[in-house]
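Hello,

Here is the structure for your files. My notes follow below it.

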Amino acid sequence: MSTEIELSIYVFLLAGFLGLELVRRVSPLLHTPLMSLTNAISAISVVGAILIAGADEAPMLSRILGFIAVTASTINIVAGFLITDRMLKMFK
């Protein structure tokens, strides 16, 4: 029987590989709409990571991973807005 951490790692790795394959196959014409969708998903990730990192009963590993998730998602959101803004300026 697998433990909760093993199951969580399995889901994380599966989501990472699937996400990489999906993004890799996107047409260049769809990158701007994809960036908007990615920003929305990252915003959801930030909220979830804040809830995990701020939980009193969470183990230290969960808090550290939650902090890393907040940082990575915030960087992704900011970079996504900068790239989208730059692409939109190209069309003006």
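Which helix holds Gly 48? Gly 48 sits in helix H2, residues 31-53. Helices here are DSSP runs of H or I with at least four residues, numbered from the N terminus.

First, the ground rules. This is a predicted model, where local features need pLDDT of at least 70, side-chain atom pairs count only at pLDDT 80 or more, and totals for chains, interfaces and linings use all residues. Residues are numbered from 1 along each chain as its sequence is written, and side-chain values use heavy atoms, with hydrogens and water left out.

Back to Gly 48. Its relative accessible area is 28%, so Gly 48 is partly exposed (buried is under 20%, exposed is over 50%, partly exposed is in between; 1.4 Å probe, protein chains only). Gly 48 and Ala 69 are 21 residues apart in sequence. In space, their C-alpha atoms are 9.0 Å apart.

Next, helix H3. Ser 73 lies there. Ser 73 counts as buried because its relative accessibility is 11%. Beyond its neighbours within four places in sequence, Ser 73 is in contact (heavy atoms within 4.5 Å) with Ser 42, Ser 45 and Val 46.

Last, the salt bridge (a side-chain nitrogen of Lys or Arg within 4 Å of a carboxyl oxygen of Asp or Glu). The count is one. Lys 89 and Asp 85 form a salt bridge through their side chains, at 3.4 Å from N to O. Both are in helix H3 (residues 60-90), four residues apart, about one turn of the helix. Lys 89 is exposed at 53% relative accessibility. Asp 85 is partly exposed at 39%.

Best wishes

Technical notes: Helices (H or I, at least four residues) and strands (E, at least two) are DSSP runs, numbered from the N terminus.
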